[in-house]
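Colleague: I am new to reading helices. Could you take me through some?

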Amino acid sequence: MFPIRDHNPSGRTPFVTYTLIAINSVVFLMTLDAINDLNFLATYSLVPRFLSEGFGYQGLVTSMFLHGGWMHIIGNMLYLYIFGDNLEDRMGHVAFLLFYLAAGLGAGLIHYASAPYSNVPTVGASGAIAGVMGGYLLLFPRARVDILIFIVIIIKVIPIPAWVALCLWFVMQLFGGVGTSADEGGVAYWAHIGGFVIGLVLTLPVFLKLGGPRFWRLHHGHPPHPEARTRWKPGSSVTRVPRIRRK
C-alpha cells in the first residue's frame, strides 16, 4: 500500500515544499558515494552515542538532508510532495519551514532518547515528514488520498480517507518501534513516531486559529474545496483531482 497523491489542492504555490524537495534531491545526488563512507557518516549523520558524549550535535540537522538509497529518497520526497503543500498553504511559507525543521529536530531527539548509546548512524528526512503527516491528519482527516495497492500481480488505485491512511501508517510505526530495538539499525521507528506526534502538536495553534472543532464541522473534515468532497464509487475514475486558482 503506497500513497501516490491526495485530492486536496493548495491555495498557494508551495515554494518551501518544492525547495525542500530540491535540496534533499541535490544533496542525495551529491552524496551517493559518500553515504557509505564511515567518516562521512560519523560527521553528518545522527549518532546517538556521540550526543551522549557531548559532541556531534550538527548531525541533528545535517542528517535530515541525507538519504541512504533511491527508495529512501523517492519515498520521503513523495510523502512530502503529497502532504506538504496543504500544510504550507495553511501555515504560510516561513512558519511551515520552521515547523518542518522543528519536527525533524524533535524526531531526532526522540530517536536519541530511545537508544542514547547506539553507534548506528541515522539519516533521512522521515522524522520531519512524519511531522507533516501528523499536521495533515489534524487539519484534513477526511481528505481523499489515492493509494496504490499491490496484490500479487494485481495493481489497484483506490481513494481512502487521509485519517485511515495516516493512522494505519502510525500504527505500523508503533508496532515496529515496540518490536524492534532502536540500537539495531534499520528503520528509525521512534523518530517517525516522535515526528508525527510533534507535528500534530505543533499544528494545534493553526487548527485552533481556524476554529478548532468548528473548522471540522464546517467542512465535515474534508478540505475546504467543494470538488474534493465528491464521493468515490467502486468502478468510477479516481484520476480527477480538483483544481483551484492559486494565489
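Predicted model: local features only at pLDDT ≥ 70, side-chain atom pairs only at ≥ 80, totals over all residues.

Colleague: At what angle do α1 and α5 pack?

Modeller: Angles over 145 degrees count as roughly antiparallel. Helix α1 (residues 15–30) and helix α5 (residues 70–91) pack at about 170°, and their axes lie 8 Å apart. That makes α1 roughly antiparallel to α5.

Colleague: Which residues make the contact between α1 and α5?

Modeller: From α1, they include Phe 15, Leu 20, Ile 21 and Phe 28. From α5, Trp 70, Ile 73, Met 77 and Leu 80 are among them. The contact divides into 12 nonpolar, 4 polar and 2 charged residues.

Colleague: Next, length. What span is expected for α9?

Modeller: The expected span is 30 Å, at 1.5 Å a residue. Helix α9 (residues 189–209) has 21 residues, and its first and last C-alpha atoms are 31 Å apart, close to that value.

Colleague: Where does α9 kink?

Modeller: At Thr 203, by about 35°.

Colleague: What follows α9?

Modeller: Gly 211 does, with a positive phi near 125°.

Colleague: How many residues of α7 are buried?

Modeller: Buried means under 20% relative accessible area. In α7, 14 of the 14 residues are buried, so this helix is largely enclosed by the rest of the structure. Its length agrees with expectation too: α7 (residues 126–139) should span 20 Å, and its end C-alpha atoms are 20 Å apart.

Methods
Residues numbered from 1 in each chain as written. Heavy atoms only, no water. Axes fitted to C-alpha atoms, helices over the stretch in contact; angles between N-to-C directions. Helix = DSSP H or I, 4+ residues; strand = E, 2+ residues; numbered from the N terminus. Parallel < 35°, antiparallel > 145°, perpendicular 65-115°, else oblique. Contact = heavy atoms within 4.5 Å. Nonpolar A, V, L, I, M, F, W, Y, C, P; charged D, E, K, R; others polar. Expected span 1.5 Å × (residues − 1). Bend = angle between axes of the 7 residues up to and from the residue. Buried < 20%, exposed > 50% of the residue type's maximum accessible area, 1.4 Å probe, protein only.
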